[in-house]
Amino acid sequence: MGPPRFKRRSNMQSIRFTRNARFNVLDNGRLRVPKIGDLKVAWSRDLPSAPSSVTVIKTPTGEYYASFVVSVDDDTDALEPIPDEDAETGIDLGLKPFAVMRGGKVIDNPKFFKRMERKLKKAQRALSRKQQGSSNRAKARIKVARVHERVRQQRNDWLDKQVKAIVAENQGIYVETLGVKGLSRGRAAKSIHDAAWGAFLGKLESKAQRAGRTFGKVARDFPSTRLCSTCGALTGPKGLEGLKVREWACGCGTMHDRDQNAEINIRREGRRLVAEGLADT
Ligand SMILES: [Zn+2]
């Protein structure tokens, strides 16, 4: 495949690859670099944790060096890379279930979402009935704030658990940018659910990066639900109507589970963007 091409700046030339560029240190000690291949490395020492980037340097005398950035204060979060090509998942977010991953693996909404929605609604209704400027109104406002705080804590505990499992099991994680799927429910419900999606994506991205995983986001307008993952036609359900459709048939003869089909599309698109260096997050 030939040696890497370098930017010409001085006699010393270098090229840098980040995790998102999918470089990898393999079990056999070789360094896998996109579009170049597996390079034999004379290691000067062991890496203390998964590197977040590698810079390949060519000296004026024509020698090549690989220099890794590793995080040591934070290395409790760094995980061993999973070399398995299939250890990758897309994540299709929804109202019900919360998320669908590769192979139809489902993350259900936790029961406390509903419970907290009811509590929040009740507290908000009580607040709205109190007279402006009254001390009862002040108390009611504190009560609403307390429910919000409790929701946030419970939600974060639950999200941390989900995120930890996903990052442990997958070397590549691809998500969609939040769009407009979260319609059609009450305001309290929507606020809890939408906040959970946003927090989920934020936590997932940061944990994936600290662990040295590949993370990619597909564009908001990418038609993950409409695209047939078999033939590539835009034959799937769309818009609000699509929220109700669980299964659909494409003209090419494939029957799709809506969410599983979307996961496949998100995974493929995420991989493509990362491979082309377009998914820098
Ligand atoms: Zn099709």
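Modeller: One term to start with: a residue counts as buried under 20% relative accessible area, as exposed over 50%, and as partly exposed in between. Keep in mind that this is a predicted model.
Colleague: Thanks! Which residues hold the zinc ion?
Modeller: The protein donors are the SG atoms of C228, C231, C250 and C252, at 2.2 to 2.4 Å from the zinc ion.
Colleague: And why is the arrangement called tetrahedral?
Modeller: Because the angles between the four donor atoms around the zinc ion run from 107 to 113°.
Colleague: How are the donor residues spaced in sequence?
Modeller: The pattern is C-x2-C-x18-C-x1-C. C231 sits in the loop between strand 11 (214-218) and helix 4, while C250, 19 residues apart from it, is in the loop between strand 12 (247-249) and strand 13, so the pair links distant parts of the chain.
Colleague: Is C250 buried or exposed?
Modeller: C250 has a relative accessible area of 7%, so it is buried. C231 has 42%, which means it is partly exposed.
Colleague: Switching topic, what does the whole chain look like?
Modeller: The protein chain has 13 strands and five helices. Of its 281 residues, 41% are buried.
Colleague: And how confident is the predictor?
Modeller: The mean pLDDT is 85, with 87% of the residues at 70 or more.
Colleague: Which elements have the lowest and the highest mean pLDDT?
Modeller: Helix 4 (residues 239-242) has the lowest, 71, and strand 13 (residues 255-257) has the highest, 97. Where pLDDT is low, predicted coordinates should not be read in detail.

Conventions:
Residues numbered from 1 in each chain as written. Predicted model: local features only at pLDDT ≥ 70, side-chain atom pairs only at ≥ 80, totals over all residues. Heavy atoms only, no water. Helix = DSSP H or I, 4+ residues; strand = E, 2+ residues; numbered from the N terminus. Buried < 20%, exposed > 50% of the residue type's maximum accessible area, 1.4 Å probe, protein only. pLDDT = per-residue confidence, 0-100. Donors = N, O, S within 2.8 Å, 3.2 Å for Na, K, Ca; no water. Tetrahedral: all angles 85-135°; square planar, octahedral: opposite > 155°, others 65-115°.
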